[in-house]
Amino acid sequence: MPNPTAAMIVIGDEILSGRTRDSNMHFLATALTKQGIDLLEARMISDDHDAIVAAVKSLSAQYDHLFTSGGIGPTHDDITADAIAAAFETPIDVREDARKLLADMYTATGRELNTARLRMARIPDGADLIDNPVSTAPGFTLNNVHVMAGVPSVFQAMVASVLPRLSGGAPLLSQSLRINRGEGDIAGPLSALADDFPALSIGSYPFQDNGAYGANIVIRGTEGADIDAAMTRLAQTFAEAL
């Protein structure tokens, strides 16, 4: 049975402007690989309501899971929650359980739960909260969309909260081999190897080292025996170039 599939939307003008470097996609991809969920697509989009709605509608229909990061804070440009609600034509308002989480936290720290901070308690109807042990303000899951903060430490904590709820498949395994030959020299044998092992993903990643060309070949799959067999044949084929 094939693994469940996933996509991700990274939301934020600060990502697209280069002001902030995204690390959440890399973290999520690594976590999903271990869980046996295949991340097949990732998009970076701006803080634009219509763009978020369109992307959520498209990707949530194509994949088993959709993860978003960014845009659920207290400021005026944090519009992700409203866009998710619009994508599913679901009402959104301050929800009592989310409000209480924030109220308890701000009371304990001696700060005010003002109107801006209360925005973080606005949750679409029918959504389940995602725990946030770092800064309390929750994310949420609506249908197959998991909506999480953009701050990396909070995003990572929310991923840890979500993953135990999700059924995974076989974890993705991989092995790599460095071959000191240019891609033009190894393309033919690699193509033949891919034909003989259709269940495996075989990637070629070229490099140049002190004027010499080569490639790191990475073989990925869910069956360790198949990977071992493919890697053995690859090593035998290019034994003189290792």
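Two strands pair if DSSP finds at least two bridges between them. With that in hand, select the hairpin of β7 and β8: 2 residues lie between the strands, and N143 takes a positive phi near 55°. This is a predicted model.

**The whole chain**

Zoom out. The protein has 9 helices and 11 strands. Its C-alpha trace spans about 70 × 40 × 35 Å along the principal axes. Color by burial: of the 242 residues, 42% count as buried. Now turn on contacts. Among those with a separation of 6 or more, 68% come from residues 24 or more positions apart.

**The sheet**

Show the strands of the open sheet. There are 6, in the order β2-β1-β3-β8-β7-β6, and the pairing is mixed. Which strands form the edges? They are β2 (38-45) and β6 (128-130), and each pairs on one side only. From one strand to the next, the twist averages 20°.

β6 runs antiparallel to β7 (residues 139-142), and 3 bridges join the two. Pick I130; its bridge partner in β7 is G139.

Step across to β8. β7 and β8 also run antiparallel, joined by 3 bridges. Select F140 and find V147 of β8 standing opposite.

β3 and β8 pair in the parallel sense, over 4 bridges. Here F67 stands opposite H146 in β8.

**Both faces of β8**

Stay on β8 and show its side chains. Are they buried or exposed? V145 and V147 on one side are buried, and so are H146 and M148 on the other. Both faces of this strand are covered.

**Helix α5**

Select residues 96-108, which make up α5. This helix has 13 residues. Its first and last C-alpha atoms are 18 Å apart, close to the 18 Å expected at 1.5 Å a residue.

Which residues of α5 are buried? Show A98, L102, A103, M105 and Y106. Look down the axis of α5: these buried residues fall within an arc of 170°, so they line one face of the helix. An α-helix has 3.6 residues a turn, so residues three or four places apart point the same way.

Turn to the other side of α5. T107 and A108 are exposed there.

What covers the buried residues of α5? The cover includes α6 (115-118), β5 (122-124) and β6. Leaving the helix, stop at G110, which follows α5 and has a positive phi near 75°.

**Salt bridges**

Switch to charged side chains. The model has 8 salt bridges. Visit three of them.

Begin with R95 and D97. Their closest N and O atoms are 2.9 Å apart. R95 is partly exposed, at 23% relative accessible area. D97 is partly exposed as well, at 36%.

Next, select R178 and D209. This salt bridge has its closest N and O atoms 3.2 Å apart. R178 lies in strand β9 (residues 173-179) and D209 in strand β10 (residues 201-209), so the pair ties together parts that are 31 residues apart in sequence. R178 counts as partly exposed, with 39% relative accessibility. D209 is partly exposed too, at 36%.

Finish with D196 and R233. The closest N and O atoms of this salt bridge are 2.6 Å apart. D196 belongs to helix α8 (residues 183-196) and R233 to helix α9 (residues 224-237), so the pair ties together parts that are 37 residues apart in sequence. D196 is partly exposed at 47% relative accessibility. R233 is partly exposed at 35%.

Technical notes
Residues are numbered from 1 along each chain as its sequence is written. This is a predicted model: local features need pLDDT of at least 70, side-chain atom pairs count only at pLDDT 80 or more; totals for chains, interfaces and linings use all residues. Side-chain values use heavy atoms; hydrogens and water are left out. Axes are lines fitted to C-alpha atoms, for helices over the stretch in contact, and angles run from 0 to 180 degrees between N-to-C directions. The expected span of a helix is 1.5 Å times one less than its number of residues. Buried means under 20% relative accessible area, exposed over 50%, partly exposed in between (1.4 Å probe, protein chains only). The arc is that of the directions from the helix axis to the C-beta atoms. Contact means heavy atoms within 4.5 Å. A salt bridge is a side-chain nitrogen of Lys or Arg within 4 Å of a carboxyl oxygen of Asp or Glu.
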